[in-house]
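Dear colleague,

I am handing over the structure below, and I would be glad if you could look through it with the notes that come after it.

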Amino acid sequence: MGNPNERLILTSILTGTFLVPVNSTMIAVGLPTIADSLGVTLTQVSWVITIYLIVMATIQPIAGKLGDLYGKRNMFLLGMLLFLVAAAACIMSFNLLWLILFRALQAIGGAIASPNASALIREVVPKEKLGRTFGTFGLLMGLGAAIGPLVGSVLIGAWGWTSIFWINIPFALFSLLLAARYLPKSRKQAGGAALDIPGSLYLTAGLTLFTLAVTHPKLMNVWTIAILALTVFLFIWQERRCREPLIQFTLFKIRMFTSANVAILLSNAIMYSTILVMPVLLQNEYGYSVQRVGILLFIFSFAMSACSWFGGTLSERLGKKRLVLLSFAISFAALLGFLGIYWYPTFPYIALVLLVGGIGSGMGTPSMQTASLQAVPKDVSGVASGIFSTFRYIGGMAASVMVSLFIDYHELFYSLLAVALAGLLVSGGLSERRVASDQAGAA
């Protein structure tokens with residue numbers, strides 16, 4: 001990478017997108033502190049994470065098309081600007097509602113910036129360096145998720161919970177200024193790609209309403225059910241009539257595609273449940289400091305990121321089906337270990353169980369993503385990638401709902417054991433033998 005401008009372009013892109021995974025995990029260790037500071041319950045404050053996941057699930061699939069329409073450079077700059085403004089606004093949010101709203105704005109910025117960052121890398125990096133560059137990009141995204149809890153714990157311990165937002169400002173500003181100066185202008189697509197904005201809005205409304213109704217039983221009444229049913233109907237109707245839908249339902253006729261997407265949903269439900277419940281359990285029940293919790297979650301996240309990195313190579317040797325089966329089996333073993341925390345709440349024991357859990361959560365992810373893309377014809381791989389991303393974030397939302405519902409942590413872990421068992425069953429569908437005939441049926 002001898003071209004100085006090329007290095008500066010990549011620095012601006014990687015610095016900005018690195019903040020997205022950091023922010024998705026960094027805030028987890030701060031939930032008990034934020035709840036105490038704002039005088040709200042943990043169920044209420046969990047919406048700070050839930051809204052981030054909902055927005056990511058619904059905006060990211062159309063963000064790449066926005067880049068085609070209005071220019072990838074413009075969309076990346078817009079995404080980073082929104083991310084920067086929202087981070088500053090979160091610092092000044094002294095009640096939960098405003099914090100949730102600005103956190104949603106932060107997610108919109110991240111959702112717009114991330115896919116356009118990948119597209120910009122493809123445009124500016126020479127073909128012979130592309131594989132190595134994307135390898136670095138993937139490693140940094142995984143590392144961002146891994147160090148998030150550790151960084152969050154250090155910041156909260158030193159300067160309080162608002163510091164997890166103001167730490168974004170210098171990095172986001174650096175990325176924005178560097179990108180504005182050095183990113184080349186990208187071509188806009190003539191004629192325009194179809195944007196499924198109504199589908200995205202219906203999906204956002206449906207997921208938000210469903211989560212609210214489940215986590216707040218007093219909101220569940222005949223009107224809530226009727227509105228939710230109407231939203232689901234409108235979403236399905238929109239997706240069936242849209243030329244380029246957010247969710248292309250015919251693809252779910254392909255068994256391997258369906259299995260891969262359900263598998264990532266279940267896997268992310270286990271992973272996010274672990275990240276969300278551990279800070280609360282260890283701080284409130286066993287008196288762990290926020291710094292020690294940050295170290296423990298770093299062990300989990302780093303093991304997950306490292307095993308995801310090596311999972312692609314293992315997939316070629318073991319096969320996607322076997323690796324995903326092994327992934328859920330290891331997660332099942334870790335969940336059994338979590339039940340033992342009641343008797344062995346020691347740091348080494350919890351670190352060991354979280355290490356095993358991280359291995360299970362990370363190992364199968366590349367195989368799930370590869371299976372999802374290989375199962376569909378090449379001309380719909382972009383749609384398939386968007387669906388996979390949506391299912392990934394819905395899994396995180398499911399975790400947020402489960403953690404809110406189960407006050408008894410043993411009940412939560414027993415429920416997650418059932419999720420892991422479901423993952424073992426779903427893994428059986430990751431067989432390539434029927435893909436060709438399933439594709440023909442879906443056409």
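Predicted model: local features only at pLDDT ≥ 70, side-chain atom pairs only at ≥ 80, totals over all residues.

Residues are numbered from 1 along each chain as its sequence is written, and side-chain values use heavy atoms, with hydrogens and water left out.

The axes of helix H4 (residues 47–70) and helix H10 (residues 197–215) come within 9 Å and cross at roughly 160° (axes are lines fitted to C-alpha atoms over the stretch in contact, with angles from 0 to 180 degrees between N-to-C directions; helices are DSSP runs of H or I of at least four residues, numbered from the N terminus). H4 and H10 are therefore roughly antiparallel to each other, a term for angles over 145 degrees.

The structure holds 2 cavities of 30 Å³ or more, a cavity being a set of points on a 1 Å grid over the protein atoms alone where a 1.4 Å probe fits but cannot get out, with lining residues having an atom within 4 Å of a point; a volume is the space filled by probe spheres set on the points, which are joined across faces, edges and corners. The largest cavity contains about 50 Å³ of space, and H14 (320–339) gives the largest share of its lining, 4 residues. In the second largest cavity there is about 40 Å³ of space, and H14 again supplies the largest share of the lining, 3 residues.

Best regards

Definitions and conventions: Helix = DSSP H or I, 4+ residues; strand = E, 2+ residues; numbered from the N terminus. Parallel < 35°, antiparallel > 145°, perpendicular 65-115°, else oblique. 1 Å grid on protein atoms, 1.4 Å probe; cavity = no way out; pocket = protein on both sides within 12 Å on 5 of 7 lines; lining within 4 Å.
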